[in-house]
Amino acid sequence: MRETPRSQGTAGDARMEPPQPRLGRALAHTTGASGSGTPHRSDGRPPQTPRGARQTGPAGRLGTTPPVPRRPASLLSAWLPALYAVVFAVITWQVAADGPLRSLDERVELRIVGRGPWTLTGLLADLGSMGVALPVLGAAIAYAVCRGQRADGLYAALAMAAVPALVAPLKALIDRQGPLTGATGFYPSGHTATAMVAYCGAAMLITPYLRRGWAMPVAVALTLATSIGLVLRGYHWPLDVIGSWCLCGLLLSVNSIRTRRSSSKTPTG
């Protein structure tokens, strides 16, 4: 049999020539026409995501080219002021109309009043006094103003000023009698409102400058301690305290929304 002669240029040849580009085909991975030394597309345009144009993340790693958008505010935070307002309206209606919720409130108070160490409950109730709570808020406002956050300090001061402006007329309108006295004007609790707006407002001011978010839990604990002291001492009914929580929660929510809007308008360097 005759062997078919092997064609030249096969794998057995010692001399090989590089493949020649064919006419009409794009050079997808050769040096670009601009001579930059980087791969280019067939039409001469650079690739869509060149490595040199990527932005690095906080750790120095290559990240996505477009900036990551901020998450929108949660649905709960958007509806929280309305929730506070609705609950406060229901409680106020029940207290003013002598409804079943008020009857339950009075039965609970008569069962728990006087419990706990008398001195301790008195100290807890005093946490809501002007002489204790206002200096804390004042120090936080001064610190925020020194850090350049004058608008935030102003909003916190306005929220505190709104407490007597709202609580005093409501006390006169509802005219609720106290647990252990014949005096009236106990709904809502002014000490609870003062404690909540002062301590939580101060926490909102200083939290952005703290490495750990301990300020707000401490503020909530102080507000709860004040409320417990007022109820156990017989200074207020439980609904007096809960009504103040809702009223001041509404104030603080509006204050927080104003603060976020003011911060978003402030140009960052």
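The side chains of D240 and R176 meet in a salt bridge, with N and O 2.9 Å apart. A salt bridge here is a side-chain nitrogen of Lys or Arg within 4 Å of a carboxyl oxygen of Asp or Glu. D240 sits in helix α8 (residues 238–265) and R176 in the loop between α5 and α6, so this pair ties together parts 64 residues apart in sequence. Salt bridges with shared partners join D98, R102, D105, E106, R176 and D240 into one network.

This is a predicted model, in which local features need pLDDT of at least 70 and side-chain atom pairs count only at pLDDT 80 or more, while totals for chains, interfaces and linings use all residues. Residues are numbered from 1 along each chain as its sequence is written, and side-chain values use heavy atoms, leaving out hydrogens and water.

**The salt bridges**

Side chains of opposite charge can pair when their charged atoms come close. By the rule above, the count comes to 5 salt bridges. Three of them are listed here.

| Pair | N to O distance |
|---|---|
| D240 and R176 | 2.9 Å |
| E106 and R176 | 3.7 Å |
| D98 and R102 | 3.8 Å |

The E106 and R176 pair links distant parts of the chain. E106 belongs to helix α2 (residues 100–112), R176 to the loop between α5 (150–174) and α6 (190–206), and 70 residues separate them. Helices are DSSP runs of H or I with at least four residues, and strands are runs of E with at least two, numbered from the N terminus.

R176 is buried, at 0%. D240 is also buried, at 0%. R102 counts as buried at 16%. E106 is partly exposed, at 23%.

**Two more residues**

S129 lies in the loop between α3 (118–126) and α4 (130–146). A polar atom of the S129 side chain lies 2.7 Å from the backbone oxygen of D126. Leaving out residues up to four places away in sequence, S129 touches L134, H191 and T194. Contact means heavy atoms within 4.5 Å.

N255 is found in helix α8. Its relative accessible area is 6%, so N255 counts as buried. Which residues does N255 touch, not counting those up to four places away in sequence? They are Y155, A156, A159 and M204.

Notes:
Polar contact = N/O pair within 3.5 Å; in protein donor to acceptor, adjacent residues only side chain to side chain. Buried < 20%, exposed > 50% of the residue type's maximum accessible area, 1.4 Å probe, protein only.
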